[in-house]
Every structure is written in structure tokens, then in C-alpha cells.
4 protein chains.
Amino acid sequence: MTDDHRQARRTQILDAAQAAFAAEGFQATGMAEVIAASGLSAGAVYRYFASKDELIEAIVDRVLEQRAVHLDEVLASRRELSAAEAVGVAVELVTEVAESGPVDITRLAVQAWGEGLRNPAVAAVAQRVYGRVRTYFAAVLRREVEAGHLPSSFDVAAGAAALLSVVLGYALQRLLMGDVDAASYRAAVADLLR
Amino acid sequence: MTDDHRQARRTQILDAAQAAFAAEGFQATGMAEVIAASGLSAGAVYRYFASKDELIEAIVDRVLEQRAVHLDEVLASRRELSAAEAVGVAVELVTEVAESGPVDITRLAVQAWGEGLRNPAVAAVAQRVYGRVRTYFAAVLRREVEAGHLPSSFDVAAGAAALLSVVLGYALQRLLMGDVDAASYRAAVADLLR
Amino acid sequence: MTDDHRQARRTQILDAAQAAFAAEGFQATGMAEVIAASGLSAGAVYRYFASKDELIEAIVDRVLEQRAVHLDEVLASRRELSAAEAVGVAVELVTEVAESGPVDITRLAVQAWGEGLRNPAVAAVAQRVYGRVRTYFAAVLRREVEAGHLPSSFDVAAGAAALLSVVLGYALQRLLMGDVDAASYRAAVADLLR
Amino acid sequence: MTDDHRQARRTQILDAAQAAFAAEGFQATGMAEVIAASGLSAGAVYRYFASKDELIEAIVDRVLEQRAVHLDEVLASRRELSAAEAVGVAVELVTEVAESGPVDITRLAVQAWGEGLRNPAVAAVAQRVYGRVRTYFAAVLRREVEAGHLPSSFDVAAGAAALLSVVLGYALQRLLMGDVDAASYRAAVADLLR
DNA sequence: TATGAATGAGGTTTCATTCAT
DNA sequence: CATGAATGAAACCTCATTCAT
């Protein structure tokens, strides 16, 4: 059959798996749940993904990649942001993604972190995608150095990691602590970064 | 038997479980592995922990609690820290803990985050412990507001969440990305916070 | 379509199945392997053989029948053989068949024996074909009795079974033990039968 | 628990598996059938045999080994047999074993031959046990050579293989053809070997 | 109190076969 | 006539947990 069909089926399965894995994590979710949620048969699911691990990797890749692409798009439309603004945009995006759709996809990211500690393929995906986000933050920080807002000795790469922390930490605390408000968080970050 | 004995056995089991869970995560680690690592029998382990979930909860509680206590102690000895210094101390503590001992306990924290999304008891532990850390950061920030380094409108609670993000994000990126250096990270955070 | 076409397709499938089944046995070989080896689609294979069992039966029938026909031809050209010579010719034929072609078809015979124990249709094929071979051996032995080389009380049918054993046992030991030489075996059999 | 217990359980499982595999062959028999026949749970069976393959190997080993030991004992009590007598004894033993017990164990031997073609461990067992039987037949034949009943040029190893063929071929035809009588077969073999 | 053998439901994956296109 | 995607029962095996000793 056509490649379109293949993509459609993979998407159908990934959508189902995304919801299932987001709810319970990768290891605690059985393939039976994914299969039932997909509306397909076990055989059909295994035609498109050779194993649960392959499915997990595809899910992580898709979710993280989509978020990064999303961030790229938003940032491309908003030029010359300050560090505080860039982080704020990312925080806003996390919030929007979390609240859109039937399941909160940001839960998957947290699950992916744990999975990445035991599955090198998942770790590689995280490194690639988060690396790209850090590269963007690094560019923003470089401009801040050039503008004299940060010392010339400033380590842009380490700073980018710190900004990424602020974003990932927001996503985590939003889910785990449940008491973080996007607007307050953004405002506080802006104040902290001057 | 005596309560001492009971505590000794629980510690023995928790130590074994800590190493096993840190390596592979909670769900992917079998009780058989924990039991073998503990040097006890299945029956003995189940005498002290009624279920795997109870064991997980105890592990998470102990690990997070120990870290918070550790942080308390260090901070109690270093009065009147700035926000940057407080975060720096926490980052340093994460690094020390990670590099001490045969297994990197910070891996457990990341696994606990994922587990907390599906297990309310684990989430409660995280909320309690991370809440305490945030309370400390809030106190630090309050001093910064009083000193005029931050506007009087500054939301200390949200700011404390952001500082916690910087610490947790460091622990995460250290494990998952593998390219974050504690000293550079601390320096960059100090520069970013002025 | 024409009957020729049908025969061509069946042969194409049987050739593929023969190789696959010879390698791994009937039960351990999946239809997927047969289908892939045949170069046809699953649907096509099932158009010509209603089930795996039917395919197995057809394979066994073809292979055993071909061997028996082959033996008939060779024996028809060599009249008035002694028992030792007849067995020797059969042993030679087994060796030639085993060593000709990309896969050793004699492996299929051994697999067919096991299959015959659970599949009456396969057993029936074996009974028919091996029965024919025994009939031929019986004729040879009858001549030996008439020539006075064997007592008149000699049970020709049982003797034929024994001679068949010598041939089948050769095929088996050649495959399973791997240390039987056709020439030595023939010579030893000739000596044993005087 | 004690080693006795372990042996008892293994025997219990092997007995059940023996019956199940004899009926349907190794590949066509599901572990569920073996487990049900054993009266144990799945987990218990897998405590004593790590995999189906390991169980198959243990079954083949036990069955072939028991037959060889049995043959050794019978032959040890009957010294100075002729080749015809030795084969006769073996044929008799095959018949007795086949007819004793609730399932015909000789079926397992035929299944083991097919399995040996795809499973090297099974082939190794067959080589070892049948090799021992051939060694015994070789000793018998050596005596026949020394007694002048066979030429001094006689290849005892090849001759032993031929005698083994007569025994294995009897077992096979008894099962597959169903029309071989032990007494007639033995008499015919005796006549053929003079 | 401690053991570890036993449980059996549930895990992931494969398989012969069908049928809409 | 031919395709190959889809089926879903069944395959092998693991697992958290229990309980007789």
C-alpha cells in the first residue's frame, strides 16, 4: 500500500500510544492498552512498530521533535528577544501544549527523562532535541553579552543549559507540584534575569 | 523482634532497592532483582514492605528527604546567602551526591518524577520535600527583595520555583545530556542572576 | 486460468516450501518464510494450497514420490540385482539426492517421519511410498530365496522392511551423526548380507 | 529446598513433557499443554527449565540415555552375542519400551531426529547416545570378524552403523507403517545376516 | 521470624489465515 | 487472479505476591 497509508497508520498508533504512555509511563503501560486505544489489532500494531521499545523511541522522538519545531516557529516570528523573553515564550508554549488536547503531552517528556536514563536511544533523542533548544538559547545569550547585559566572560553554553533548566523545571513542577502559575513564573524569571 | 532489628532490615532492603531502582527505574526493575540484591528472601522483603509500591514510596521518601536534610544542614552553616549562592550550594550538593557512592542516587530523583505522575503517594512526597526547598529559596529571595535587589512586587514563591528549576534542571541535564559542568553552570547562573 | 498456470504456481510454491521446511522442519517454519521464499503473496499461496497442512502434505507427497520414482527408474535399468546391490543402489541414490541441489532434500524425509506421527495424511503418503519400495525389495528377496541364498521359510515382507531400514537408517545417520560414508556403508552392508 | 525435591519436580515435569511431546512433536506442542499435564503452574515449570528449548534438550537426553542404559544392562547380562542376536535384543527392547507405559516413548526418538536437524544441542545428544550403541555393535562385529564370519577387511564402524539402521528403521517403521512384527523382523534379520 | 517454592494473571510478540481492494 | 494489510487467538515467558514449612 501507499506510503500515505503507512504514515496514517503510524500516526494512529502513535496518537494512541502517546495518550496511554502519558497517563502511566512507558513501562507501566501494557501493549494491550496501546493496542486497544489504537483501534487496531495486535498484529497490525506490530506491523508498524517492531517492538514496544521501537514504539517508545518513536513516541519520544515525535513528541520532543514537535515541541522543538513548535518552539522554532514561535521564536522565528519573534526576533531579537531578550533571555527573559525567550524563556517566557518557551514557558508559555509548555503551558499551551499541556492544556491543549485530551492528554497533557508534557507528562510524556517527564517519562522520557526517566526512560532516557535506561534506554540510550531515548537519551540520544533527548540530547538532539534539547541540544537544539540550548543552541537557540545560546544565541539569545550571545546577543545579551554583545549588548553588555552580561559580562564578556559569560559562558554562553552553560547559561543556555540554565535557561533550559528554567523551562524544563517549570514543566516538571507544573505537573508534579501543581501549584505553578505560568504568568507568575514568567514574571519572576524576568525579574530574576533583571 | 526489636525495633532496631526492624530498622536495620528496612535499611538493608532500601539500600539494595535504591541501587536497583536507580539503574533501571521503578517499573523496569523486578522485585526479584531487589530481593537478590538485598541478600534476603522474598518473604523477608515482603515482611518489611507490603508491596512494591510501598517500597517505591519508602525509597523516594528516604532519598528526597535525605537530600533536603543534607541541603538544610549545608545552608544552616552558611547564613545570609544570596540567591545565586544558594542555588550554587544546591548545585554543588547535587554533584557531590551524584558522584559519591557506587550508584548515582540523583537518577532516582528523575525516576521519582515520572513515578510521581502516576502514583499520588510519590507525588505527595515530592511536593513535601521540594516544597521545603522552595520555602528556603523563598526566604533567600525575600532577603533579596528587602535588600532592594529585586522589586518589591517580586513574587517570591514563583521565584523560588524558578530557582528550584535551576537545580532540578541541572541534575536532569547532568544525567541525560552528560555535558554540564557544575562550576561553569554555577558561574553562569551567578552571572544571570547578577 | 489454465491448468498449466496452476501447475506452474504450485511448483513454484512447493519449491520454496521444500527449501524452507527442509531447513527448519514443518512446524518451526512459518508460512511467512514460505511465502517470502516463493516470491508470491500470501493470498496467492493460499489460493493454491488451502492451509499449511495441505502444503505439508503436498510437499511430503512430492518429495517421497519423486524419490520412489527415481529409485524405480534406476532399478528398472539394472535388472536381477542381489539384495546387497539393491540396497547399495538405494544408498547411492540417497547420497546423490542429498548432495544435489541447494538444500538437502533428505532432511525433509526425516521431518516427514515426525510429521507422519501426528498427521495421518502424511503417514498415509509415507505408507504408500515406502510400501512400494518394500514391494520392490520383497521381489529382490524372493529371487534370493528362489536362488537358495535364503531359506524357503524366509519372511520376504519382514526382510524387505529390514532392507528399507538399512536405507532409511543410512539417510538418518548421514544427517544426524554426520560420519557415515556411502561407500564404506555399502561395502559393510554387502559383507553383512554375504 | 533439597536436591531430592528438585529432582522430583524435574522428573514430574519431564514425565508430563515426555507424554505431550511424544503425542504431537516438540514444535507442535505448546508449553501450556506441558504445564497442564505436569500439574504445576507455568511459573513452577519455568523455575526448573529455563526455556522450552532447555526442556526439549533434557527430554531428548533423558529418553535416549535411558534407552542406551537399558540396552547396556540387557547386553551386559547376555555375553558373546552374535550380530543377529545383538540386533534382535535391541529390536526386542524397542518393542518392549514402545508397548510399556501410557505413551509410546519411541515416538519421541523419531521427533528427536527431526529436532536434531535444527537444534545442535539435540543433535549432540543423539550423536553421543547413538555413538555408544554403535560402539557396542562394533565390538560384536569385531568378534564376528575374529571368528571368521566376516572378512578381515570388514569395516566394523560402517557395519555398526548398518546394524543401528536396522534397529532405528524398525522403530520408525513400527510407528509409521504400523505393520512390522517384532518376531518376524528379528527372524528375517537373523536370516539376512546368516 | 525466615524461607523460597509456588502461583497464575498478565507481559510482549508471532502466527496461520482472510478479504477488501 | 493477485495483493498484502489486517486479524486475534495463542505462543512463550515473567512477575509481584503468598504461604506451608
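Reply: A residue is called buried when its relative accessible area is under 20%, exposed when that is over 50%, and partly exposed in between (1.4 Å probe, protein chains only). What you're looking at is a predicted model, where local features need pLDDT of at least 70, side-chain atom pairs count only at pLDDT 80 or more, and totals for chains, interfaces and linings use all residues. On bookkeeping, residues are numbered from 1 along each chain as its sequence is written, chains are lettered from A and ligands numbered from 1 in the order in which they are written, and side-chain values use heavy atoms, with hydrogens and water left out.

With a relative accessibility of 6%, Leu93(D) falls in the buried class. You'll find Leu93(D) in helix H5 of chain D, residues 83-99; helices here are DSSP runs of H or I with at least four residues, strands are E runs of at least two, and both are numbered from the N terminus. Which residues does Leu93(D) touch, not counting those up to four places away in sequence? They are His70(D), Leu71(D) and Val74(D), where a contact means heavy atoms within 4.5 Å. For a sense of distance, Ala138(D) is 45 residues from Leu93(D) in sequence, and their C-alpha atoms are 19 Å apart.

As background, most residues other than glycine have a negative phi.

Now hop to chain A, to the loop between H4 (52-77) and H5 (83-99), where Glu80(A) sits. Glu80(A) also has a positive phi, near 55°, without being a glycine, and its 59% relative accessibility puts Glu80(A) in the exposed class. That loop between H4 and H5 of chain A holds Leu81(A) too, yet Leu81(A) is buried, with a relative accessible area of 5%. Setting aside neighbours within four places in sequence, Leu81(A) makes contact with Leu75(A), Ala86(A), Val89(A), Tyr136(A), Val140(A) and Arg143(A). Between Leu81(A) and Ser165(A) there are 84 residues of sequence separation and 18 Å from C-alpha to C-alpha.

Zooming out to the whole of chain A, you get 9 helices and 0 strands. The C-alpha trace spans about 60 × 35 × 30 Å along its principal axes. Of the 194 residues in chain A, 55% are buried. Among contacts in chain A with a separation of 6 or more, 69% join residues 24 or more positions apart.

Next, the pairing. Chain D superposes on chain C by a rotation of 179° with 0.0 Å of shift along the axis, at an RMSD of 0.2 Å (least squares on the C-alpha atoms of residues with pLDDT of at least 70 in both copies). The two copies are therefore related as by a two-fold rotation axis. Both copies use the same surface, with 100% of the contact residues of chain D recurring in chain C. Each of these two chains brings 50 residues to the contact. Chain D and chain C bury about 4,100 Å² between them, 66% of it on carbon and sulfur atoms; buried area is the accessible area (1.4 Å probe) that two parts lose on being put together, summed over both. On the chain D side, Leu117(D), Leu176(D) and Leu192(D) lose the most area to chain C, together 19% of what that side buries.

Over at the other pair, chain B goes onto chain A by a rotation of 179° and 0.0 Å of shift along its axis, with an RMSD of 0.2 Å. Since 100% of the interface residues of chain B are also interface residues in chain A, these copies meet through the same surface. Here about 4,200 Å² is buried, with carbon and sulfur atoms giving 66%. In chain B, the residues losing the most area to chain A are Leu117(B), Leu176(B) and Leu192(B), together 19% of what that side buries.

How do chain A and chain C sit relative to each other? No contact joins them, and their closest C-alpha atoms lie 13 Å apart. Chain B and chain D likewise have no contact, with 13 Å between their closest C-alpha atoms.
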